[in-house]
Amino acid sequence: MEEKELLQEKYGFELQGYRTTGASKVLETDRGLYYMFEAPAGYKYKSKFIEKVKKHLSQQQNIRLLKLVNTTSGQAHIVDDEQLYYLYRGVREAVPDDPYYASGQSLAQFHLATSDFSSDKMFIPYSSLGNWPSMWRKKLRNFNEYRDEMDEDHVELAPMDEYLLTCFTYITQLGELSVQYLLDAGYDKVVKETASLGKVAYQNFDQGYMLWKEKDVRLMAGEWNWVLDMRTRDVGQWIKAETKRNGWNEEAVTSFLDGYNSVSVLKPAEYAVIYALMLYPGRFLKLVETYMELPVEERQEVNIQAWQTQLEDELTKMEDALRKYPVFITQRYDVSIPQIDWLWRKKDDQATSFRYEETQS
């Protein structure tokens with residue numbers, strides 16, 4: 001583990017092993033178990049926002065937070081190499097009878113607990129509410145600018161550049177489709193209609209943020225990953241994360257959504273917004289940005305096979321879910337959302353075909 005020496009220096013324990021559980025890493029140390037989470041380094045300025053949300057949640061009976069572990073110098077987190085790390089002490093975990101249902105249920109309770117949270121202008125940097133279309137388009141423009149740079153005559157293409165250029169048409173069309181789908185789903189209206197159902201979400205919600213102790217006590221973690229946004233962000237990101245981990249699992253998604261709906265029923269239009277989020281190749285574009293930030297000489301030395309495998313996984317593991325989700329939502333929840341028939345990549349990865357058919361919701 002790359003952070004081993006850093007953790008030993010800052011927290012004073014010896015790391016003996018670890019395992020990844022979605023959003024967190026469970027650390028096995030000479031002082032017992034810890035949970036470690038990561039966030040962008042810029043989030044170190046969020047302390048006032050986090051404290052206000054935590055104070056608000058402390059008034060809710062069914063929301064309990066894990067307690068952060070401070071460093072040996074008393075800091076709530078550490079920042080290293082553009083990454084923020086923070087830890088909690090491990091607990092004796094219990095496994096719910098239906099973890100997927102329990103996760104959806106707990107997430108809905110968290111959202112409802114933040115429904116009357118009072119924000120502040122100083123928290124605007126931590127808000128994505130209402131900004132999805134512009135945020136998505138910005139990342140697509142960055143990819144376009146990268147392609148334009150690679151088209152210049154004097155640029156020497158690295159193997160990774162050549163691979164990304166073969167993906168360009170597919171990714172940009174998929175991204176543009178997701179933005180259009182989001183707008184057609186009535187995104188702005190959904191933002192307004194769901195404001196009273198939850199105001200705080202996670203940057204990328206996944207398993208690991210919700211835990212259970214003995215006697216079914218729910219615990220939450222991950223406050224440095226909180227942002228101001230609507231609840232569909234968390235629901236959609238959970239489906240994406242679970243699909244990329246285990247493939248499209250209709251039974252798991254059903255349990256998760258049923259658990260959520262048992263506490264706070266999703267509105268019909270939210271299912272379409274969730275689908276737009278599933279369509280958007282955000283993680284792929286984030287990886288591209290990471291590559292673009294490398295010095296030119298380092299681009300020539302990247303492990304093309306490892307990068308390509310990771311990028312391909314971002315696409316192929318979602319394709320089955322993207323085909324099946326609209327039909328599943330109609331059959332399970334009697335909600336009709338616009339269909340896409342379908343998108344495909346040729347063997348050379350250079351072309352894409354889409355036919356977007358709007359249906360009445």
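Author: What follows is a set of questions and answers on the fold and on a few of its strands. This is a predicted model, in which local features need pLDDT of at least 70, side-chain atom pairs count only at pLDDT 80 or more, and totals for chains, interfaces and linings use all residues. Residues are numbered from 1 along each chain as its sequence is written, and side-chain values use heavy atoms, with hydrogens and water left out.

Reader: How many helices and strands are in the protein?

Author: Both kinds of element are DSSP runs numbered from the N terminus, helices being H or I with at least four residues and strands being E with at least two. Counted in this way, the protein has 12 helices and 14 strands.

Reader: What share of the 361 residues is buried?

Author: A residue is called buried at under 20% relative accessible area, found with a 1.4 Å probe and protein chains only. Among the 361 residues of the protein, the buried share is 49%.

Reader: How many residues of strand β2 are buried?

Author: Strand β2 covers residues 24-29 and is mostly covered. Of its six residues, the number buried is five.

Reader: Which strand is joined to β2 by five bridges?

Author: Two strands pair if DSSP finds at least two bridges between them. β2 pairs with β1 (residues 15-21) in the antiparallel sense over six bridges, and Thr 21 stands opposite Ser 24. On the other pairing, which is also antiparallel, Leu 27 stands opposite Tyr 34, and a hairpin makes the link through two residues. The strand joined to β2 by five bridges, made of residues 32-40, is β3.

Note on methods:
Buried < 20%, exposed > 50% of the residue type's maximum accessible area, 1.4 Å probe, protein only.
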